[in-house]
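Colleague: I'd like to learn how to read a model like this one, feature by feature. Could you take me through it?

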Amino acid sequence: MPKIADVLAPRHAELLDFRRDLHRHPELSNSEHRTTARVVEALETAGLDPVALKGTGAFVDVGDGPIVLAIRGDIDALPLQDLTGERFRSTNPGVSHACGHDYHTTSVLGSALLLEDIRKRAGDLGGRVRFIFQPAEEVTPGGALGVIEQGTLDGVPRALALHCDPNVDVGRIGCRIGAITAAGDTVRVVLRGTGGHTSRPHLTQDLVYALAQVASQVPSVLQRRIDARHAVSLVWGMISSGVAPNVVPGIGSISGTLRCLDVDGWHQAAELLPQIVEQVAGPYGVEVELDHKRGVPPVVNTEDEATLLENAARSELGAGSVQLTPQSMGGEDFAWYLTRVPGAMARLGTRTPGGRTFDIHQGDFDADERTLEFGIRTLTAAALSALQ
């Protein structure tokens, strides 16, 4: 079996250019038409037969026989202006790959191409690996559900993924057994009442004051009604009401995200939230409308699959390349795959050692370009191990 780094070497420049091209042309969730076409073109050029998904996205199988593994990469970008200043920065105003999905997509593509190159040399892989290029990870409840409904996990026994992490140095991965992300929902509360003059709040429902009570009390009550070990967090990000300082408005809203570290807490929070919102807002006589959009459950890594990723990284990147990563309060729709099959997601290091720690979902997010090589090598090593 040839060394993975040697198989990658003749393709490295083209894959680096591919990643840069994706970065120049980011596309929002469910609009990844160019991205999908570029992926399909690259796979077909290598002699593979990718299958287009409805709308956007695709998958391809490499090898013959039973499927032994699925590897997923998300392909969408974020509605953020690219502030990196790179020569290959986004040419799509207000849209950028600020979460590293250009690296995810190209790492999965590179792994598929390398595995096909190895298959051509070896003649037979002894099994089949499915590579999934999934749209719309950045919207709730995620594009994963639609992709799964199209049969991409049919016959798949396990699934893997990588996600860029600027808190991990390039050349390393972070992993853990058990939950590695949190459940995440969107919550919006709308209050309505009789408006009026601020000199006579008793003749109104004093709606802004009622909103303030919802803002401060609902998260506190929720945390005290649920076991602290579930680590339920409700944080508001938007609040809107009023047009003038001397007018009590008749409508206002507040929106935020509800996050939970485990599935039990996630379900409990959903049951309690309507009751708590009504009880907090009720004394002010306002009408209450709660819009609780369920998001994604936590990504829960199974032991065998986490070990598969860790061993793949150690074999390719070195014995000290794996570190324990903390559970994130962020959400990730790869979780839906792991409600169907065992699997694992690892954090792919993007930080230049000694360099700045960027944050994802920020316009200036930038990754050390060596991230791509290490992502491809890790996924390819994991695929080959699963094929043995």
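Colleague: Which loop holds Asn-30?

Modeller: Asn-30 sits in the loop between α2 (12-24) and α3 (33-45). Helices here are DSSP runs of H or I with at least four residues, strands are runs of E with at least two, and both are numbered from the N terminus. This is a predicted model, in which local features need pLDDT of at least 70, side-chain atom pairs count only at pLDDT 80 or more, and totals for chains, interfaces and linings use all residues. Residues are numbered from 1 along each chain as its sequence is written, and side-chain values use heavy atoms, leaving out hydrogens and water.

Colleague: What is the phi of Asn-30?

Modeller: Most residues other than glycine have a negative phi, and most peptide bonds are trans. Asn-30 has a positive phi, near 70°. Ala-136 also has a positive phi, about 60°, although it is not a glycine.

Colleague: Where does Ala-136 lie, and is it buried or exposed?

Modeller: Ala-136 belongs to the loop between β4 and α5. Its relative accessibility is 1%, so it counts as buried; the cut-offs are under 20% relative accessible area for buried, over 50% for exposed, and partly exposed in between, with a 1.4 Å probe and protein chains only. Pro-141 is found in the loop between β4 (128-134) and α5 (144-149), and a cis peptide bond with omega about 0° joins Thr-140 to Pro-141.

Colleague: What is Asp-333 in contact with?

Modeller: Contact means heavy atoms within 4.5 Å. Leaving aside neighbours within four places in sequence, the partners of Asp-333 include Ala-136, Pro-141, Arg-72, Gln-134, Glu-137 and Val-296. Asp-333 itself is in the loop between β15 (322-324) and β16 (343-351), and it is buried, at a relative accessible area of 1%.

Colleague: How should I read a nonpolar core?

Modeller: In soluble globular proteins, nonpolar side chains tend to be buried together. A nonpolar core here is a set of buried Ala, Val, Leu, Ile, Met, Phe, Trp, Tyr and Cys residues joined through side-chain atoms within 4.5 Å. The largest one has 59 residues, and those touching the most other members are Leu-43, Ile-71, Leu-109, Leu-115, Val-129, Phe-131 and Phe-133. Helix α9 (residues 370-387) gives the largest share of this core, ten residues. Another core lies apart from it, with 48 residues, among them Ala-210, Val-218, Leu-273 and Trp-336.

Colleague: What does Phe-131 touch?

Modeller: Beyond its neighbours within four places in sequence, Phe-131 is in contact with residues including Phe-59, Val-62, Ile-71, Val-108 and Leu-115.

Colleague: And the helices: how far does α4 reach?

Modeller: An α-helix has 3.6 residues a turn, so residues three or four places apart point the same way. The expected span is 1.5 Å times one less than the number of residues. Helix α4 (residues 101-122) has 22 residues and spans 31 Å from first C-alpha to last, close to the expected 32 Å. Of those 22 residues, 18 are buried, so α4 is largely enclosed by the rest of the structure. Gly-123 follows α4 with a positive phi, near 90°.

For α9, 18 residues reach 26 Å, close to the 26 Å expected. In α9, 15 of the 18 residues are buried, so this helix too is largely enclosed by the rest of the structure.

Colleague: Where is Ile-254?

Modeller: Ile-254 is in strand β12 (residues 251-260) and, at 1% relative accessibility, counts as buried. Outside the four places on either side in sequence, Ile-254 touches residues including Val-187, Val-189, Leu-211, Trp-236 and Met-238.

Colleague: What does the protein chain come to in helices and strands?

Modeller: It has nine helices and 16 strands. Of its 388 residues, 54% count as buried.
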